[in-house]
Amino acid sequence: MKLTPQTGLVALVFTLTLLVTLTARPLQAQQQDSSIYQVESVRVRVTLPLPKQQSSPRAVGLWRGKSIALDRLFSRMIGLSERQEQHDFLRGLYKDVDKLTKRITVNSEKWQPDGSAVDLILSVTFSREQVRSRLDGQGVNYSEVPFPPILLITMQRDSDKVSAFDHALMEAVQFHGEQIGMQIFTPLEDTVDMVNLKPDKIIAGDPWLYRWVAQRYGVNQVWMVNGQVYRNPPVDLFDAPFFQSQGQIIHGGNGLAAQQRLGQATSYAADQADAERCHADQIAKQLIVQFQEAWINQHASRSSMRHRLVLEVEHRMDLKRYAQLAQQLREQAGVAALRVSGLNNRGVVLELDYQGEDSALQRAIVKAGWQVQLAEGYWALSPLSFPAPFNDPFAGRVGGGR
């Protein structure tokens with residue numbers, strides 16, 4: 001076929017359409033799904049009859065659900081000490097919960113057969129602009145960085161313990177993690193997992209292992225959970241023994257020695273069955289709260305600390321590699337939002353809402369296999385040979401863009 005300016009234009013249009021289809025829509029969908037402002041699985045029970053008949057049971061349930069969702073939103077954005085300091089201000093925002101709400105969806109509505117109550121399961125999405133405006137106006141220190149997706153596995157256990165309740169503890173950690181907007185995956189437990197997911201490699205921060213986990217599960221963090229029941233002998237020979245349930249999470253990081261950053265949680269029971277059956281949920285909640293507080297404190301900032309970065313990515317039509325970069329940017333600590341603001345036949349222009357050190361983001365991009373050149377008003381990204389080098393070309397250099 002003879003090439004003409006018209007056919008070249010058609011090819012360019014086709015390329016851009018393909019790029020938008022393969023990259024822009026998934027980016028928007030994943031950004032929406034992982035938004036910290038979207039609160040899922042809000043459960044509300046409205047007991048009937050209502051004291052006042054001015055509102056319908058459904059309207060009462062929706063209002064209560066929005067208040068519960070706002071409380072959950074603040075708990076995932078604002079640290080405990082900041083919430084205590086700003087208690088009166090935050091409490092006043094509940095009166096304006098309707099203005100802060102962007103969308104509410106009723107996923108389930110079930111009336112009790114005897115008419116004593118109605119149960120609702122809701123999804124509530126808050127307006128980012130409205131919430132940010134209120135918090136920024138008050139000078140609240142908060143985080144918009146969503147919790148990263150995590151692969152959760154069990155640790156190798158010591159054989160001298162009475163018993164283990166790892167499976168129940170894993171399910172409880174997964175449940176409470178989802179309540180604060182975390183995606184927690186568990187292994188497929190096939191032969192490939194058995195060969196590669198070794199606790200010693202995770203604790204050592206084996207870079208190859210974390211690349212493999214990222215490709216297989218789409219995560220860059222691995223947690224190892226361990227729950228045990230100990231038999232404590234009685235002080236007096238005529239007293240019955242009591243049992244201690246203890247759980248812990250070991251957190252692994254890519255290229256860094258893992259650390260027990262979430263601490264441990266402990267409960268006591270009169271017998272072994274109670275220790276195994278009742279304490280998994282209690283311990284998991286304590287562990288998740290510890291991680292949640294550490295994550296918020298690490299990423300929280302005031303409005304004056306945030307800035308926008310423009311990245312011109314030359315993907316050279318390697319859309320798979322570009323999609324991996326976009327996913328890594330979205331999961332990078334400090335990246336609150338990612339938008340596609342421009343397209344051409346060789347690249348994409350991305351805008352990032354970023355809170356953090358530019359040098360940390362530059363290092364992450366280089367390790368992902370991309371070269372970074374700092375230009376006036378934007379960063380120019382182009383592919384490096386893969387795998388990316390582990391040396392840091394930005395060591396000691398202070399990034400701009402503030």
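I'll go through a sheet, the cores and the salt bridges.

Some ground rules. This is a predicted model, in which local features need pLDDT of at least 70, side-chain atom pairs count only at pLDDT 80 or more, and totals for chains, interfaces and linings use all residues. Residues are numbered from 1 along each chain as its sequence is written, and side-chain values use heavy atoms, with hydrogens and water left out.

Start with the sheet. Helices (H or I, at least four residues) and strands (E, at least two) are DSSP runs, numbered from the N terminus. Two strands pair if DSSP finds at least two bridges between them. Here, three strands make an open, antiparallel sheet, ordered β1-β3-β2. β2 and β3 (residues 117-126) are joined by nine bridges.

Helix α2 (residues 57-77) lies across β1, β2 and β3, at about 140° to β1. That angle is between N-to-C directions, from 0 to 180 degrees, with axes fitted to C-alpha atoms, for helices over the stretch in contact. Contact means heavy atoms within 4.5 Å.

Now the cores. A nonpolar core is a set of buried Ala, Val, Leu, Ile, Met, Phe, Trp, Tyr and Cys residues joined through side-chain atoms within 4.5 Å. Buried is under 20% relative accessible area, exposed is over 50%, and partly exposed is in between (1.4 Å probe, protein chains only). The largest core has 29 residues; Leu73, Met77, Ile78, Phe126 and Leu135 touch the most other members. Which helix gives the most to this core? α2 does, with seven residues. A second, separate core has 27 residues, including Phe243 and Ala284.

Phe126, beyond its neighbours within four places in sequence, is in contact with residues including Tyr37, Leu73 and Lys66.

Lys66 pairs with Asp98 at 2.4 Å, N to O. Asp98 is in helix α5 and Lys66 in helix α2, so the pair ties together parts 32 residues apart in sequence. Is Lys66 buried or exposed? Lys66 is buried, at 14% relative accessible area. Asp98 is partly exposed, at 46%.

Last, a network of salt bridges links Arg128, Arg132, Glu144, Arg308, Arg339, Glu351 and Asp353. Within it, Arg308 and Glu351 come to 3.3 Å, N to O.

Conventions
Salt bridge = Lys/Arg side-chain N within 4 Å of Asp/Glu carboxyl O.
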